[in-house]
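Here are some notes to read alongside the model, for anyone opening it for the first time. Keep the structure in view as you go through the points.

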Amino acid sequence: MRPSVVVSAGTYHLPFNRLTEWMEPWTEAHPEVHVVMQHGPGKPLGGAENHDVLPYAQLLTLCSAADAVVLQGGAGGVMDMRALRRIPIVVPRIPVDDEVVDDHQLIFTERAAELGIIHRVLTREQLWSAIDAELASARESQDAPTPTPGVANLAALLEQLPKPLGRGERVRRLARVARGLGS
């Protein structure tokens with residue numbers, strides 16, 4: 001199965017072209033990866049499946065199935081990934097080049113990263129490294145050996161609670177312990 005990465009610049013009214021520009025060299029270097037980009041009012045990403053805005057349910061479905069998810073630093077997208085039990089890679093918008101009006105995404109993503117609910121990246125090299133790490137982790141989990149039937153049966157057996165002992169057996173075992181303590 002082809003690895004996939006979903007990238008979302010969100011639905012904010014200002015373009016986030018820096019995210020697209022950071023993704024372009026990575027996407028060109030990884031043609032084997034299916035990249036889906038929700039670019040909003042910004043530039044589409046070369047080599048990717050581009051969408052201005054994806055329907056909400058479709059975006060969540062894609063993020064749920066993706067090997068890596070890259071988002072802008074908005075709280076809504078981060079909370080959506082929390083609901084999906086995903087830890088997204090997050091590039092906060094910064095108040096230059098009309099990306100956003102203030103530094104709220106820098107503040108929010110710093111705190112979210114401290115809580116361990118996102119992978120915050122501030123450079124394109126960090127972004128590429130984080131995506132590579134997510135894809136490597138996904139490959140490792142796919143390559144994990146499946147247990148043999150004997151191991152699977154043993155694991156299932158160990159997960160079962162033992163049957164409670166009858167009163168007579170409990171008394172006999174207690175008596176053996178008591179005799180052992182007396183010697």
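**Notes on salt bridges, cores and domains**

1. Let's start with Glu-21, which is partly exposed, at a relative accessible area of 39%. Bear in mind throughout that this is a predicted model. Glu-21 makes a salt bridge to Lys-43, with 3.0 Å between the closest N and O atoms. That pair links distant parts of the chain, since Glu-21 sits in helix α1 and Lys-43 in the loop between β2 and β3 (49-51), 22 residues apart. Lys-43 also counts as partly exposed, with a relative accessibility of 33%.

2. Now for a pair inside one helix. Glu-114 and Arg-111 meet through their side chains in a salt bridge of 3.3 Å, N to O. They are 3 residues apart in helix α4, so about one helical turn separates them. Glu-114 counts as exposed, at 55% relative accessibility, while Arg-111, at 48%, counts as partly exposed. Elsewhere, salt bridges with shared partners join Glu-169, Arg-172, Arg-173 and Arg-176 into one network. The whole structure has 7 salt bridges.

3. Which residues have the most contacts inside the largest nonpolar core? They are Val-5, Leu-19, Trp-26, Val-70, Leu-127 and Ile-131, in a core of 23 residues. At least two residues come from each of β1 (4-8), α1 (17-29), β2 (34-38), β4 (68-72), β5 (89-91) and α5 (124-143). The biggest contributor is α5, with 5 residues.

4. Have a look around Trp-26. Leaving out residues up to four places away in sequence, Trp-26 touches Val-5, Val-33, Val-35, Trp-128, Ile-131, Asp-132 and Leu-135. Another core, of 15 residues, lies apart from the largest one and includes Leu-59, Leu-60, Ala-112 and Ile-117.

5. Finally, the overall layout. The protein is split into domain 1 (4-143) and domain 2 (152-181), and the centres of domain 1 and domain 2, taken over C-alpha atoms, are 53 Å apart. An unreviewed UniProt entry places the feature "domain: Glycosyl transferase family 28 C-terminal" at residues 5-139. Over residues 5-139, the chain is 44% helix and 16% strand, with 13 Å between the end C-alpha atoms.

Technical notes. Residues numbered from 1 in each chain as written. Predicted model: local features only at pLDDT ≥ 70, side-chain atom pairs only at ≥ 80, totals over all residues. Heavy atoms only, no water. Core = buried A, V, L, I, M, F, W, Y, C linked by side-chain atoms within 4.5 Å. Buried < 20%, exposed > 50% of the residue type's maximum accessible area, 1.4 Å probe, protein only. Helix = DSSP H or I, 4+ residues; strand = E, 2+ residues; numbered from the N terminus. Contact = heavy atoms within 4.5 Å. UniProt positions renumbered as here; feature names shortened; annotations may be inferred. Domains from an automatic or database assignment. Salt bridge = Lys/Arg side-chain N within 4 Å of Asp/Glu carboxyl O.
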